[in-house]
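Here's a quick briefing to read alongside the sequence and the 3D view. Have both open as you go through the points below.

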Amino acid sequence: MCQLLGMNCNTPTDVTFSFAGFAQRGGNTDHHADGWGIAFFEGQGLRHFVDHQPASSSPVAQLIRRYPIKSQNVVAHIRKATQGEVALQNCHPFVRELWGRYWVFAHNGDLKDFHPRLHASFRPVGNTDSERAFCWLLQELWKSHAGVPSVAELTLTLRELTAQIARHGCFNFMLSNGEALWSHCSTNLWYVERKHPFAHAHLADEDLSVDFAQHTSPQDKVAVVVTAPLTVNEPWKAFAPGELKVFVDGAAV
């Protein structure tokens, strides 16, 4: 299956260290070689990069590793295709607009017999179960709320909608609107919350270390969510199957 990476922070932070290890799983330390993508929120704007080449060898991925883009919410994905051919339009994360904001979604899993009725505002471009699920989620959010809801209201609605999709199969996903990061676990998801006093960390997929204390302030908070722990010496916590968590300002709420 695919691999997911999400980051939520209370101040704009670069994801270079985590992405360096994550990208190695796209065809080097793991067999997820059917494309990859990453999206960075910056205020109301969004930087979105996708490539159908393996993340471990993609020139675009090399750019991301060298370019420390700072963001409070990041969603990344490396793909092992189960539905849909290996093509640019099928690379996650997917992006749509709702209520005047960008929304970003990435999925790990395989949904069987999931063919919901979609209206004209939310239609998939590619042919993956993942993009269909994203379009349906946004459609149902739009139908459920007359105006822009709070994070708490969105979380309640997402819990109900997620349960309906998860009946069709494995539905690990990450969703962000630039304000919060929602993460749902069907099988495997882990998270770590980095805060003062920051410590030293070493990647599991590459011989690379960083001392976060040298690059942060005591006020910084960073939450990282991933399919499998990225580092070997941090206190990663596992999601429970069926659990939906929301992260705001670098912490689970």
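Helix α4 has 16 residues, and its first and last C-alpha atoms are 21 Å apart, close to the 22 Å expected at 1.5 Å a residue. Keep in mind that this is a predicted model. The rest is grouped by topic.

- In α4, the buried residues are V151, L154, T155, T157, L158, L161, T162 and I165.
- The cover over those buried α4 residues includes strands β6, β7, β8 (181–184) and β14, and helix α3 as well.
- Helix α3 covers residues 129–144, so to speak its own 16-residue stretch, and reaches 22 Å from first C-alpha to last, close to the 22 Å expected at 1.5 Å a residue.
- With 13 of its 16 residues buried, α3 is largely enclosed by the rest of the structure.
- As for where α3 sits, it lies across β5, β6 and β7, and runs at about 15° to β5.

**The six-stranded sheet**

- Which order do the strands take in the open sheet of six? Reading across, you get β5-β6-β7-β8-β14-β15, and the pairing is antiparallel.
- The strands at the edges are β5 (94–98) and β15 (251–252), each of which pairs on one side only.
- Pairing of this kind runs through backbone hydrogen bonds, in either a parallel or an antiparallel sense.
- At the β15 end, β14 and β15 pair in the antiparallel sense over two bridges.
- A251 in β15 is the bridge partner of V248.

**Aromatic pairs**

- How many aromatic pairs turn up in a search of the whole structure? The search finds eleven.
- One of them is F105 with F171: the ring centres are 6.3 Å apart and the planes meet at 35°, so this pair is tilted.
- That pair links distant parts of the chain, as F105 is in strand β6 (residues 101–108) and F171 is in the loop between α4 (151–166) and β7 (172–176), 66 residues apart.
- F105 is buried, at a relative accessible area of 0%, and F171 is buried too, also with 0%.
- Another pair is Y191 with F239, where the centres are 5.6 Å apart and the planes are at 80°, so the pair is edge-to-face.
- This pair also links distant parts of the chain: Y191 is in strand β9 (residues 190–195), while F239 is in the loop between β13 (237–238) and β14 (244–248), 48 residues apart.
- Both Y191 and F239 are buried.
- F239 has a charged neighbour over its ring as well: the charged end of K245 sits there, 5.9 Å from the ring centre.
- Back with F105 and F171, ring pairs link these two with F134 and F173 into a cluster.

**Cis peptide bonds**

- H92 and P93 are joined by a cis peptide bond, with omega at about -5°.
- P93 is in the loop between β4 (70–78) and β5.
- The bond from H196 to P197 is cis as well, and its omega is near 0°.
- P197 is in the loop between β9 and β10 (200–202).

- D113 isn't a glycine, yet it has a positive phi of about 55°.
- You'll find D113 in the loop between β6 and α3.
- Is D113 buried or exposed? Its relative accessible area is 67%, so D113 counts as exposed.
- D249 is another residue other than glycine with a positive phi, near 55°.
- D249 belongs to the loop between β14 and β15, and its relative accessible area of 43% makes D249 partly exposed.

**One more residue to look at**

- V226 is in strand β12 (residues 221–226).
- How does V226 come to count as buried? Its relative accessibility is 0%, and the cut-off for buried is under 20%.
- V226 and G126 are 100 residues apart along the chain, and their C-alpha atoms are separated by 24 Å.

Note on methods:
Residues are numbered from 1 along each chain as its sequence is written. This is a predicted model: local features need pLDDT of at least 70, side-chain atom pairs count only at pLDDT 80 or more; totals for chains, interfaces and linings use all residues. Side-chain values use heavy atoms; hydrogens and water are left out. Helices (H or I, at least four residues) and strands (E, at least two) are DSSP runs, numbered from the N terminus. The expected span of a helix is 1.5 Å times one less than its number of residues. Buried means under 20% relative accessible area, exposed over 50%, partly exposed in between (1.4 Å probe, protein chains only). Rings of Phe, Tyr and Trp (its six-membered ring) pair if their centres lie within 6.5 Å; planes under 30 degrees apart count as stacked, over 60 as edge-to-face and the rest as tilted. A charge sits over a ring if NZ of Lys or CZ of Arg is within 6 Å of the ring centre and within 35 degrees of the ring normal. Contact means heavy atoms within 4.5 Å. Two strands pair if DSSP finds at least two bridges between them. Axes are lines fitted to C-alpha atoms, for helices over the stretch in contact, and angles run from 0 to 180 degrees between N-to-C directions.
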